[in-house]
Amino acid sequence: MRGSLKVFTWLGIPVFLHWTFGLIFLYILWHAQSEGLGIAETIWLTVLFMSLFLCVLLHEYGHAIAARRYGVKTRDIVLMPIGGVARLERMPEKPFHEFVVAIAGPAVNVVIAVILFVVISFTVEAGSFGEMLFSAVQTRNIGQEIATESGYLMSPTVHFFIYLAFTNLMLVIFNMIPAFPMDGGRVFRALLSMWLGRPKATRIAAWLGQVIALILVGAGLWSSDVMLSILGIFVIYAARAENDNVQTEDLLSRYKARDVLRPHFTRLRSNDWMLTAIETLRHGLERHFLVFDVNDRLVGILEEEDIVRAMRKPDVTSEISQYTQNVQLVQLDDSLVKVQNLIRQQGIGIIGVADESGKLLGVIDKAGMMYFVRMEEGK
Ligand SMILES: [Zn+2]
């Protein structure tokens, strides 16, 4: 992800810190300044924040490990001040699987909180646990011994762990708000999908997600909680984007490669100069090309970006074969979802369509797909 720093890889998943993560330290300094915190209290606060982000990281690993069970890989985990994101390659399609993946994150925080509470209850004097919980949550700044009402003394360490456990529970409650695509919203969409199907369930969940997100933005502005407002805006965009994706995919799933293939297309020769490709790009409407050798065998594709790269250098006398990439072929009856996934995953602009015998019948390019989707959506 852009603007992120890789910190380590665990269980095969790289973990990144987004540059905005540094703002946390500014926030800590600002908070310490305005509350008049001493050095010890500031250090405790820093440790608390870092521990909290460790819990957020474990939460994201919860999603990632659950997803792995269903054969879905996680590209990376990115930590930002507003929380973490486990970027899954895709969402599992079965509603029950999505339900498990969504709930696995908050479940990790429940487990952390329970373990902390159990450990704390064993380490403090019998009978003082409830009172300590109460005082710990009421006193925000950690770093000093606190006396409870009945005179029990609570050390900063106990205070810290109670606070951490409590914050984990707050995280669970917050994440389970049904604001799609937050975890609660995913659980909601998964449950709704079992009954209404994925496209309709997503539309409803995304609508509810945006309404709740607007409320979060408002609440953030009202209580001057900037993070909450930013999160709300983030959710609004994410809900829209994911809904668009699901609706487009639903639309594409109803069509096959044969429905959009373009039978007439320009053929480039692998031993021609790049000049030919540059001229073809300049004077035509096509942006991506199939490349053939002298025996008319398909050998690759030539992408717009690569032609532009040659044009800028300038390099007009290299053979086209120096710039070609591997070609992907689909069959006439392959779903357009498959075509779109190939185009996205390989980052290519054009794909060949062949019949069962491997005979090339036409091409599908990105622009053609987008045009088709726009036409179908407008119906
Ligand atoms: Zn989560």
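1. Which domains does the domain assignment of the protein give? The assignment, which is automatic or taken from a database, gives domain 1 (1–176), domain 2 (179–252) and domain 3 (257–377). The model is predicted, with local features needing pLDDT of at least 70 and side-chain atom pairs counting only at pLDDT 80 or more, while totals for chains, interfaces and linings use all residues. Residues are numbered from 1 along each chain as its sequence is written, and side-chain values use heavy atoms, with hydrogens and water left out.

2. The C-alpha centres of domain 2 and domain 3 are 36 Å apart, and five residues of domain 2 are in contact (heavy atoms within 4.5 Å) with ten residues of domain 3.

3. After α2 comes G71, with a positive phi near 80 degrees.

4. The axes of α2 and helix α3 (residues 95–123) come within 7 Å and cross at roughly 140 degrees, on a scale from 0 to 180 degrees between N-to-C directions, with axes fitted to C-alpha atoms over the stretch in contact.

5. On the α2 side the contact includes C55, L58 and H59, and on the α3 side V100, P106 and I112 are among the residues involved. The residues of this contact divide into eleven nonpolar, five polar and no charged, where Ala, Val, Leu, Ile, Met, Phe, Trp, Tyr, Cys and Pro count as nonpolar, Asp, Glu, Lys and Arg as charged, and the others as polar.

Definitions and conventions: Helices (H or I, at least four residues) and strands (E, at least two) are DSSP runs, numbered from the N terminus.
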